[in-house]
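Please look through the sequence and the model shown here, and then follow the report below, which takes up loops, strands and rings in turn.

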Amino acid sequence: MKNILNVLCVFISIFVFSQTRYVKKIPVKKNAKTAVKKESSVLKTNPDLVVINKDLPVLIPKKKGDQFGYINQNGKFIIQPEYHVAVFFYEDCNLLNSPNEKVRKFGTDKYATVEKDMISYRVDKSGKRVYQFKDSDFGKCKFTEYKQQLFQAYVLNGFYGIIEKSKFVNAADYRQYQIYPQYQYLYIMEGDNVSDPMIVASQNDKFGVIDVNNKIIIPFEYSNIKRNFSWKLGKMFEVTKDGKEYYYIDANNKAY
């Protein structure tokens, strides 16, 4: 009887041990399959879209000859110059609010507007033309609340300065000027930070950029700096030294 009990105990132990090994194999197989799926779903990034300066766009409009294309932050052409017009990758509110739901995605900042042979397109960051503009696709822009500028240019005796509108009451008191009038010309650039705007200034017939504390951001070495939306859209300035060839620079005066 004792022998029979011993045999039964051995048999039960073997059975339980074999079942335990079998159960453990199941999650191992599952985990292996899951790992393969995750690995295959990893997105590959474009190595040409390098980011050296996080404040700048990954693609910058660049003119070569008479045509525009797009370079990366290293200066390499990613979209070859073939367009008469090329602007920064930015939202197009007319497409974002299009009555045609299928084209609304082309209004996002993943795309840029270009023009060739009098035809306007939206292109992606590989340079592919993904949409051709049609008047019937235009919707009404939903304007966001306007940010009132804190500062404005002020002219005194033919010279430009800067005042803070809410505090300025007495032009005879020099202490009320943010920047006392001393420049040939001043223009406050459109931007998101109204408390610290970039200001295009002219001195000794040359253009540069200053801030509201009269600190020089861009040296006075350009024959012109365009007063457009380049700072708001791309944190860049469109400049020229000869009055003919314009190009972009960043806030460190690096040319692109």
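## A residue in a loop

Asn74 has its place in the loop between E2 and E3, where strands and helices are DSSP runs numbered from the N terminus (strands, E, of at least two residues; helices, H or I, of at least four). This is a predicted model, in which local features need pLDDT of at least 70 and side-chain atom pairs count only at pLDDT 80 or more, while totals for chains, interfaces and linings use all residues. Residues are numbered from 1 along each chain as its sequence is written, and side-chain values use heavy atoms, with hydrogens and water left out.

With a relative accessible area of 54%, Asn74 is exposed (buried means under 20% relative accessible area, exposed over 50%, and partly exposed in between, with a 1.4 Å probe and protein chains only). Leaving aside residues up to four places away in sequence, Asn74 touches Val50 and Ile52, where contact means heavy atoms within 4.5 Å. Asn74 and Ile52 are 22 residues apart along the chain, and their C-alpha atoms are separated by 7.9 Å.

## The strands around this loop

Strands of a sheet pair through backbone hydrogen bonds, either parallel or antiparallel; here, two strands are said to pair if DSSP finds at least two bridges between them. Strand E1 (residues 60–64) and strand E2 (residues 67–71) run antiparallel and are joined by 5 bridges, and Ile60 has Ile71 in E2 as its bridge partner. The hairpin of E1 and E2 has 2 residues between the strands, and Gly65 takes a positive phi near 70 degrees there.

E2 is also joined to strand E3 (residues 77–83) by 3 bridges, and these two run antiparallel, with Tyr83 in E3 as the bridge partner of Phe68. In the hairpin of E2 and E3, which has 5 residues between the strands, Gly75 takes a positive phi near 90 degrees.

## A buried loop residue

Gln149 lies in the loop between strand E7 (129–132) and strand E8 (151–156), and at 14% relative accessibility Gln149 counts as buried. Not counting residues up to four places away in sequence, Gln149 touches Lys165, Ile188, Met189, Glu190 and Val194.

## An open sheet

An open sheet of 3 strands has the order E15-E16-E17, with antiparallel pairing. Its edge strands are strand E15 (224–225) and strand E17 (247–249), each of which pairs on one side only. Strand E16 (residues 237–240) is joined to E17 by 3 bridges, and the bridge partner of Val239 in E17 is Tyr247.

## Rings and charges

The structure holds 14 aromatic pairs (rings of Phe, Tyr and Trp, the last by its six-membered ring, pair if their centres lie within 6.5 Å; planes under 30 degrees apart count as stacked, over 60 as edge-to-face and the rest as tilted). The rings of Tyr154 and Tyr177 have centres 5.8 Å apart and planes at 70 degrees, so this pair is edge-to-face. Because Tyr154 lies in strand E8 and Tyr177 in strand E10 (residues 177–183), the pair ties together parts that are 23 residues apart in sequence. Tyr154 counts as partly exposed at 23% relative accessibility, whereas Tyr177, at 7%, counts as buried.

Trp231 and Phe237 form a stacked pair, 4.9 Å centre to centre with 10 degrees between the planes, and both of these residues are buried. The charged end of Lys235 sits over the ring of Trp231, 5.6 Å from its centre (a charge sits over a ring if NZ of Lys or CZ of Arg is within 6 Å of the ring centre and within 35 degrees of the ring normal).
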